[in-house]
Protein chains: 2
Amino acid sequence: MTTDAVSEPEPKRRSARSQETRERIVKAALKAFSESGFEGASTRQIAALAGESQGLITYHFSTKENLWKAAVDSLFGPFIEELNARKAALADADIRTQLRLLLIFFVRHAASHPEQNRLMMQEAQSETPRMRYIAETYLKDQYEFACEILRQAIDAGILPPAPHIHYFYIVVGACSRLFTATSECKYLTGDDAMSPAMIEAHAEAVANLILR
Amino acid sequence: MTTDAVSEPEPKRRSARSQETRERIVKAALKAFSESGFEGASTRQIAALAGESQGLITYHFSTKENLWKAAVDSLFGPFIEELNARKAALADADIRTQLRLLLIFFVRHAASHPEQNRLMMQEAQSETPRMRYIAETYLKDQYEFACEILRQAIDAGILPPAPHIHYFYIVVGACSRLFTATSECKYLTGDDAMSPAMIEAHAEAVANLILR
DNA sequence: ACTCAGTCTTGTCAAATGAATAATAAAGAA
DNA sequence: TTCTTTATTATTCATTTGACAAGACTGAGT
């Protein structure tokens with residue numbers, strides 16, 4: 001429904017071109033923050049990556065913290081939206097099918113957006129205000145939803161009983177770890193973890209292991 | 001100013017004392033590097049954490065890179081040793097028991113040494129020379145061993161057939177993710193992921209899910 | 001008592017950092 | 001056109017970074 005930046009209902013005095021540079025910076029920031037962490041990434045590095053001057057970051061985002069927030073929003077926003085769409089589409093399917101399709105979706109998503117898991121892990125180890133932001137803005141709902149699915153799966157005898165929190169992190173880890181360790185995988189087997197064949201094989205392996 | 005510790009004639013040889021400071025620095029470095037990554041952590045921060053002066057780091061390790069290597073060695077060395085001991089002790093057990101005990105060991109280890117997984121993830125996303133060092137020095141053997149166990153488990157019908165690499169990262173992720181996201185977990189459920197009860201429950205959940 | 005190598009502290013360096021400022025360019029609105 | 005808001009570059013500043021240097025302390029061997 002909502003188109004991205006370039007429509008002109010309310011230009012708000014901000015030219016489309018500036019919006020484009022903003023997005024270019026956010027994209028570069030996402031890459032840098034997920035790779036080097038908040039402190040490890042520098043605004044100059046990000047600006048260079050985006051092909052813009054460092055001063056522009058101060059202009060558009062005032063602080064590094066704000067830039068980080070914008071990057072996170074650009075990542076989680078569409079994810080939550082897509083997840084909600086899937087939820088709605090799957091509402092009628094039996095729980096086993098729901099779980100399988102969701103697992104496959106999570107694997108594909110972890111592969112196509114490795115920054116998301118990388119960024120999470122950068123912050124999830126200590127109680128930074130940034131972690132708090134992600135958790136309260138995006139994660140809480142996602143976890144509630146996961147719990148609901150898990151409860152049904154356990155009730156249906158598809159999964160052995162265990163507190164939901166454990167399954168949550170088991171699934172997140174199982175789906176994503178391969179794609180947050182691509183260079184490690186390259187060294188171990190020579191395989192490219194990001195190749196479509198590898199992604200689908202991983203989705204199959206995860207789904208077949210969990211749903212037996 | 002002369003002696004400050006007058007009471008006991010400590011038999012500490014000078015070299016022994018210096019060895020202790022060295023280890024204190026390495027320990028602090030491990031914490032800092034695993035939390036903030038190689039670039040994110042500063043030698044001054046590490047020195048302060050260890051209660052020593054920053055110059056001492058240059059004296060003992062010359063470069064930040066060397067300090068990082070020393071930290072990694074202090075982490076992986078004992079781990080590999082313990083793993084080999086377990087391997088030997090389990091050699092006669094049936095494959096199902098081997099797998100179960102290894103899984104429990106991995107969960108406990110991930111919990112008691114969260115720095116290991118954090119450190120890996122900091123480097124595993126891009127092909128740094130540091131990643132190469134870990135992979136070739138420590139990971140290769142570990143992966144070979146995992147493949148052997150997995151092969152047996154699949155042959156015995158305990159696991160559905162799939163390329164070993166997928167199981168490797170599924171297991172690593174499932175065992176460790178909870179403990180690399182402790183603050184996230186805190187926000188989601190209020191639970192302390194590092195509590196013994198939680199650790200054991202996670203080990204149970206992982207083992208019961210994988211071995212059915 | 002006196003080395004003297006090993007250990008550790010303090011101070012300093014150039015480079016890089018996040019942020020702020022001033023100056024300039026572009027784009028609408030009047 | 002002119003005026004005013006927005007967008008961008010270039011410059012500057014205080015702080016922090018990794019590395020280094022120069023000196024001071026310690027204690028085992030002589």
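The legends below describe close-up views of a predicted model.

**View 1. Residues around DNA strand C.** In this predicted model, 22 residues lie around DNA strand C, and those that come nearest are Ser42(A) and Lys64(A) from chain A together with Ser18(B), Ser53(B) and Gly55(B) from chain B. Sorted by class, the surface near DNA strand C is made up of 15 polar, 5 charged and 2 nonpolar residues.

**View 2. Helices that supply the surface near DNA strand C.** From chain A, α2 (43-50) and α3 (54-61) each supply at least two residues of this surface, and from chain B the elements α1 (14-40) and α3 (54-61) do likewise. The largest share of the surface near DNA strand C belongs to α1(B), which provides 5 residues.

**View 3. The loop of chain A that holds Ser62(A).** Ser62(A) is found in the loop between α3 and α4 (64-90) of chain A. Although Ser62(A) is not a glycine, its phi is positive, at about 65°. This residue counts as exposed because it has 10 C-beta neighbours inside 10 Å, and the cut-off for an exposed residue is 12 or fewer.

**View 4. The loop of chain B that holds Ser62(B).** In chain B, the loop between α3 and α4 (64-90) contains Ser62(B), a residue that is not a glycine and yet has a positive phi of about 65°. With 10 other C-beta atoms within 10 Å, Ser62(B) is exposed.

Definitions and conventions:
Residues numbered from 1 in each chain as written. Chains lettered and ligands numbered in written order. Predicted model: local features only at pLDDT ≥ 70, side-chain atom pairs only at ≥ 80, totals over all residues. Near = placed C-beta within 6 Å. Helix = DSSP H or I, 4+ residues; strand = E, 2+ residues; numbered from the N terminus. Nonpolar A, V, L, I, M, F, W, Y, C, P; charged D, E, K, R; others polar. Buried ≥ 20, exposed ≤ 12 C-beta atoms within 10 Å, placed from the backbone.
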